[in-house]
Amino acid sequence: MTTVVAVGAQWGDEGKGKIVDWLAPRADLVVRFHGGNNAGHTLVVEGEKTVLHVVPAGVLHPGTINLIGPGVVVDPEVLLGELDALRARGVLKDPARVRVSGRAHVILDWHQALDKAREERAGGGAIGTTGRGIGPTYEDKVARRGIRVADLLDPASLHDAIVRLAEAKNFELEHYYKWRPVDVEALYATACEWGRRLEPYVDHTGRILDHALRDGKSVLFEGAQGTFLDIDHGTYPYVTSSNCVAGAACTGAGVGPTRIDRVLGITKAYTTRVGGGPFPTEETGDMGEKLREAGGEFGATTGRPRRCGWLDIVMLREAVVVNGLTGLAMNKLDVLAGLSEVPIATAYRIDGKLTGEFPMTLGELSRAEPVYESQPGWSGDLTSARRFQDLPDAARRYIDRVEALVGVPVDLVSVGPGRDETIVRRDPFGA
């Protein structure tokens with residue numbers, strides 16, 4: 001038995017979907033433990049692209065059971081759409097392969113409306129949310145007034161809960177944001193239909209997980225977003241509304257920390273982020289555009305262009321600390337091919353002082369000037385490389401240098417979007 005938590009080590013969009021898809025055949029269960037459909041995992045298998053927003057990326061492997069834990073917020077419309085599409089492709093023939101926690105909270109129409117209304121009202125001060133209703137749903141969860149997946153299966157009590165919430169939600173939408181109110185009875189009818197269709201998938205996922213671990217099964221915990229979008233440890237307030245770090249696997253899935261064996265941090269060979277907030281190594285000129293085009297840096301969920309810049313070692317070292325990383329998976333090494341030199345930010349200069357530690361406040365980070373060291377570039381197509389030795393000398397030295405600076409090994413190196421375009425230096429599920 002081996003348990004591995006796979007988390008993003010940057011601002012999300014690190015290519016977690018590909019890595020989780022690659023790891024999934026080594027696991028008996030794949031567990032999504034936080035976030036919602038504001039994250040999209042893109043998988044490319046035999047040239048066919050699949051984008052998943054709620055269903056764990058292990059679903060493409062017939063032998064896996066895929067759990068959506070209680071820490072996730074679920075948009076039933078999106079989840080049912082993904083399940084329908086997977087069934088139509090013949091990928092999901094047995095509902096038992098996807099189990100949804102009855103304790104997971106449900107995203108409703110007013111959550112999405114409030115999300116969009118708040119961003120519109122904020123104008124230039126907008127955080128840059130996806131407008132999917134994630135934050136408002138977590139607000140209701142923490143305020144102990146949310147509606148959970150299991151509630152969809154009980155129409156009588158569900159109606160009372162929706163009516164109770166609607167009064168406050170519609171008042172805020174109408175009188176503060178001047179938005180159209182949500183039709184309560186229409187929402188109730190839709191929610192009942194969601195419950196009917198989701199019932200075959202709803203289960204106590206914590207018990208399934210516990211029984212699997214007792215039986216010696218291997219488990220992969222699939223993170224969404226990234227370390228620096230974490231509500232506590234990220235670049236607040238330019239963050240998501242859930243905990244994205246590895247420790248969230250325990251609360252979001254329902255498993256004790258003593259049952260976690262390894263933590264794999266996923267990073268690009270450079271850095272990207274979507275939305276607002278400081279980004280010390282961002283390239284805003286031609287080089288940023290070159291990285292964006294070469295890497296196809298457009299959001300899987302929103303299509304928004306990502307901001308691009310050089311690899312930030314200060315960030316990665318912080319990710320090692322807060323996640324307890326035992327290794328890294330480096331994606332998109334191939335994107336850097338053709339550059340004469342590749343800068344790496346090894347420290348920051350803040351108010352004239354040199355530091356190798358990630359700052360605590362947003363103000364400090366916004367004033368941080370990256371201190372670079374330059375590594376020799378390399379050329380050629382890397383997509384055919386399957387062993388570390390197949391890479392150009394300069395590319396190998398780049399990886400070696402990242403390992404030395406960060407202090408953990410680079411276990412996996414991705415040289416293309418395909419499942420097989422991966423170099424394995426150490427299998428996270430291996431001995």
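This is a predicted model: local features need pLDDT of at least 70, side-chain atom pairs count only at pLDDT 80 or more; totals for chains, interfaces and linings use all residues.

Me: What volume does the second largest pocket have, and which residues are the closest to its centre?

Reply: The second largest pocket holds about 230 Å³ of space. Its lining has 16 residues, and Tyr138, Lys141, Ser242, Asn243 and Thr251 are the closest to the centre. Two elements, α4 (134-142) and α8 (248-253), each give two or more residues to this lining.

Me: How many cavities of 30 Å³ or more are there, and which residues line the largest cavity?

Reply: A cavity differs from a pocket in that a 1.4 Å probe fits inside but cannot get out. The count comes to one cavity of 30 Å³ or more, and the largest cavity contains about 30 Å³ of space. Its lining is made up of Arg32, Ala39, His41, Leu52, His53, Val54, Val55 and Glu222. By class, these lining residues are four nonpolar, two polar and two charged.

Me: Let us turn to strands. Which strands pair with β15?

Reply: Strand β11 (residues 262-268) runs parallel to β15 and is joined to it by five bridges. In this pairing, glycine 327 of β15 is the bridge partner of leucine 264. Strand β19 also pairs with β15 in the parallel sense, over three bridges. There, valine 410 of β19 stands opposite leucine 328.

Me: Is β15 mostly covered or mostly uncovered, and which residues point each way from β15?

Reply: Strand β15 (residues 327-331) is mostly covered, as five of its five residues are buried. Gly327, Ala329 and Asn331 point one way, Leu328 and Met330 point the other way, and all are buried.

Me: Where does aspartate 411 lie, and is aspartate 411 buried or exposed?

Reply: Aspartate 411 is part of strand β19 (residues 410-414). Its relative accessible area is 2%, so aspartate 411 is buried. Leaving out residues up to four places away in sequence, aspartate 411 touches Leu264, Thr326, Gly327, Leu328, Ile423, Val424, Arg425 and Arg426. Among these contacts, Gly327 and Leu328 belong to the buried residues of β15.

Me: Which strands are joined to β7, and which residues cover its two sides?

Reply: Strand β5 (residues 65-68) runs parallel to β7, with three bridges between them. Isoleucine 68 is the residue opposite valine 100 in β7. Strand β9 is likewise parallel to β7, and two bridges join the two strands. Valine 100 also stands opposite valine 202 in β9. As for the faces of β7 (residues 98-101), both are covered: Val98 and Val100 on one side and Arg99 and Ser101 on the other are all buried.

Me: How does one read the surroundings of valine 202?

Reply: One places the residue in its element, then considers its accessibility and its contacts. Valine 202 is found in strand β9 (residues 202-203). With a relative accessibility of 18%, valine 202 counts as buried, because the limit for buried is under 20%. Beyond residues up to four places away in sequence, valine 202 touches Arg99, Val100, Gly102, Val149 and Leu153. Valine 202 and leucine 67 are 135 residues apart in sequence, while their C-alpha atoms are 9.9 Å apart in space.

Me: How many aromatic pairs are counted, and what describes such a pair?

Reply: The distance of the centres and the angle of the planes describe a pair of aromatic rings. Here the count comes to six aromatic pairs. One of them joins tyrosine 348 and phenylalanine 358, whose ring centres are 6.4 Å apart and whose planes are at 55 degrees, so the pair is tilted. This pair links distant parts of the chain, ten residues apart: tyrosine 348 is in strand β16 (residues 341-350), and phenylalanine 358 is in the loop between β17 (353-355) and α11 (362-366). Tyrosine 348 is buried at a relative accessible area of 0%, and phenylalanine 358 is buried at 13%.

Me: How far apart are the ring centres of tryptophan 378 and tyrosine 398, and which residues do ring pairs link into a cluster?

Reply: The ring centres of tryptophan 378 and tyrosine 398 are 5.6 Å apart, and their planes are at 55 degrees, so this pair is tilted. Tryptophan 378 and tyrosine 398 are both buried. The cluster linked by ring pairs consists of Trp11, Phe228, Phe279, Tyr348 and Phe358.

Terms used: Residues are numbered from 1 along each chain as its sequence is written. Side-chain values use heavy atoms; hydrogens and water are left out. Helices (H or I, at least four residues) and strands (E, at least two) are DSSP runs, numbered from the N terminus. Buried means under 20% relative accessible area, exposed over 50%, partly exposed in between (1.4 Å probe, protein chains only). Contact means heavy atoms within 4.5 Å. On a 1 Å grid over the protein atoms alone, a cavity is a set of points where a 1.4 Å probe fits but cannot get out, and a pocket is an open set with protein on both sides within 12 Å along at least five of seven lines; lining residues have an atom within 4 Å of a point. Grid points are joined across faces, edges and corners, and a volume is the space filled by probe spheres set on the points. Ala, Val, Leu, Ile, Met, Phe, Trp, Tyr, Cys and Pro count as nonpolar, Asp, Glu, Lys and Arg as charged, and the others, Gly among them, as polar. Two strands pair if DSSP finds at least two bridges between them. Rings of Phe, Tyr and Trp (its six-membered ring) pair if their centres lie within 6.5 Å; planes under 30 degrees apart count as stacked, over 60 as edge-to-face and the rest as tilted.
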